[in-house]
Amino acid sequence: MRVIGKIELKTDLVVKGRRFEGVRPVGSFEDVLEHYLNCGVREFLFQDVVASLYDRAISLQLVKVGVCRSFYPVGVGGGIRTVSDAARLFDLGVERVYVNSGLAANSQLAREIVNIYGSQAVGVAIDYLEAQGKIKAYYNHGRDAHEMKIDQLIDLCVSSRVGEILITNIAHDGHPEKLPCPSIFKLFSSVGIPIIFGGGIVPERDGAPLKNRFPDISGVAVCSHFLQSFNDEA
Amino acid sequence: MMRPKAKGMIFVLDLGNCNLGSVARALEKLSLKYAVVRHRGDLNALSPGDVLVLPGVGSFGAFMERLEDRDLVSPIRNFGAFGGKVFGICVGFQSLFEGSAESPHADGLALLKGRFERMPLPVLPSVGFFPIKNHDVAECFYFTHSYGILLPASDALEQMDNKLIYCPKENIDVLAGVTDGQVGGVQFHPEKSGLQGLSFLNHELNKRNRKAPEKD
């Protein structure tokens, strides 16, 4: 199973919050990246958690450092609102862009990028909360609820021919002590697109059970687990 | 008397959205000098012994269309057909073959025999690190693709003894690459497969990167 090391950014700093709130600085990007590489991470996701809020792009300089240092596939999310935003990242060598907030303003954004760069270059990030049996998708790093229902968002992913869907359980974000609640997977059966699951994931503990329960899962996105060992070593 | 072979140049194709950045950085990391090919005129600098690298992302049809738009199909085909060394990566590798079901109306460069089919997998694209079944190196390489050449394939491909094979799923063998020939390449991304990928790329390019011997 793929293990994608997720690094959350606020401008140039690596940060981490809980349930998408209360982000605190963790350390320098270079040090955290080096730590992830030492942990054996071979795929990366750099996500700027305030880019959409401040209507700006992720730091291209940081992305370039990450791509040049790792020689592994790098995905980027946060503040991607136009095809041009995506193009600038692909020019740096980014493997895949993840869109979420951009879809709230332009539901065709993912399709537009796919049409030029191909399915493998585009993912959709679905951040969700489950309450009273209902699942709701959010954007702007959990600040705003999508008007689209979750099943409409999933249909959009399929019709846009995106190459990946990244699902994050907001309630478990920053809580690696919590076991995953994969009840959302029933919505993704037979979608036929690689699914990455995130939110408090511990690869050694959760990888096999998730795969057994949901054979179509392609991988997990991991953040807090790697940052715990980073803090322990600091 | 023949002088020792000197190194040829590496030329890397840039179609504007074809993963030049990652490949260029890999070559720089390997201290391999290269020049960029964007238009037909740029190919005039190629000579026997040089290597043309075709990086690529996206669909087969879109890649071939971009080649057509820049009038690059015939010169690349001729370069490969008359002894030139070509190394393709991902869709750049796919373009070396005859065609792909992904884009039925687009012809490939036909420098290698075979056609790509949609892989019979429940989830596509197939993404991740996989080992090569029949390669000395035990490490894994990064694949991301939906169309592949399923093995066993055509007789021409079966007779080729320099092909690499990988298994995206049990009992499904897919062509991972063609090595040792003048024209070859890989379905995976060596430039995104860490140090083992860089080492593989270095080996493949250096193997091809020899000027024709010169007589005194």
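This is a predicted model: local features need pLDDT of at least 70, side-chain atom pairs count only at pLDDT 80 or more; totals for chains, interfaces and linings use all residues.
Local features need pLDDT of at least 70 and side-chain atom pairs count only at pLDDT 80 or more, while totals for chains, interfaces and linings use all residues; side-chain values use heavy atoms, with hydrogens and water left out. Residues are numbered from 1 along each chain as its sequence is written, and chains are lettered from A, and ligands numbered from 1, in the order in which they are written.

**View 1. Chain A as a whole.** Chain A has 8 helices and 12 strands (DSSP runs numbered from the N terminus: helices are H or I with at least four residues, strands are E with at least two). The C-alpha trace of chain A spans about 45 × 40 × 30 Å along its principal axes. A compact globule of 234 residues would have a radius of gyration near 17 Å, and the 16 Å of chain A agrees with this (taken over C-alpha atoms; the globule rule is 2.2 Å times the number of residues to the power 0.38). Of these 234 residues, 61% count as buried (under 20% relative accessible area; exposed is over 50%, partly exposed in between, with a 1.4 Å probe and protein chains only). Of the contacts in chain A between residues at least 6 apart in sequence, 67% join residues at least 24 apart (contact means heavy atoms within 4.5 Å). Chain A exposes about 9500 Å², with 49% supplied by carbon and sulfur atoms (Shrake-Rupley method, 1.4 Å probe; for residues, only the protein chains shown count as cover).

**View 2. Chain B as a whole.** Chain B has 6 helices and 13 strands. Of its 216 residues, 60% count as buried. Among contacts in chain B with a separation of 6 or more, 68% involve residues 24 or more positions apart. The accessible surface of chain B comes to about 9200 Å², and 49% of this belongs to carbon and sulfur atoms.

View 3. Helix α3(A) covers residues 83-91, and its buried residues are Asp85(A), Ala86(A), Ala87(A), Leu89(A) and Phe90(A). These pack against α2 (60-70), β5 (74-77), β6 (96-99) and α5 of chain A. Gly93(A), which follows α3(A), has a positive phi near 105 degrees. Ile80(A) lies in the loop between β5 and α3 of chain A and is buried, with a relative accessible area of 5%. Leaving aside residues up to four places away in sequence, Ile80(A) touches residues including Asp85(A), Ala86(A) and Leu89(A), as well as Val97(A), Leu109(A) and Ile113(A). Ile80(A) and Val97(A) are 17 residues apart in sequence, and their C-alpha atoms are 7.8 Å apart.

**View 4. The largest pocket.** The largest pocket holds about 740 Å³ of space. On a 1 Å grid over the protein atoms alone, a pocket is an open set of points with protein on both sides within 12 Å along at least five of seven lines, a cavity is a set where a 1.4 Å probe fits but cannot get out, and lining residues have an atom within 4 Å of a point. Points are joined across faces, edges and corners, and a volume is the space filled by probe spheres set on them. The lining has 28 residues, with Met1(A), Lys211(A), Ser218(A), Val127(B) and Phe130(B) nearest the centre of the pocket. Two or more lining residues come from each of β1 (2-10), α7 (203-213) and β12 (217-222) of chain A, and from each of β7 (126-131) and β11 (163-169) of chain B. β7(B) gives the largest share, 5 residues. By class, the lining has 17 nonpolar, 4 polar and 7 charged residues (Ala, Val, Leu, Ile, Met, Phe, Trp, Tyr, Cys and Pro are nonpolar, Asp, Glu, Lys and Arg charged, and the others, Gly among them, polar).

**View 5. The second largest pocket.** This pocket has a volume of about 550 Å³. Its lining has 30 residues, and Ser119(A), Arg161(A), Glu102(B), Ser146(B) and Tyr147(B) lie nearest its centre. The lining divides into 13 nonpolar, 13 polar and 4 charged residues.

**View 6. The largest cavity.** There are 5 cavities of 30 Å³ or more, and the largest cavity holds about 200 Å³. Of its 22 lining residues, Gln47(A), Ser52(A), Gly78(A), Asn100(A) and Ser101(A) are closest to its centre. The lining has 9 nonpolar, 10 polar and 3 charged residues.
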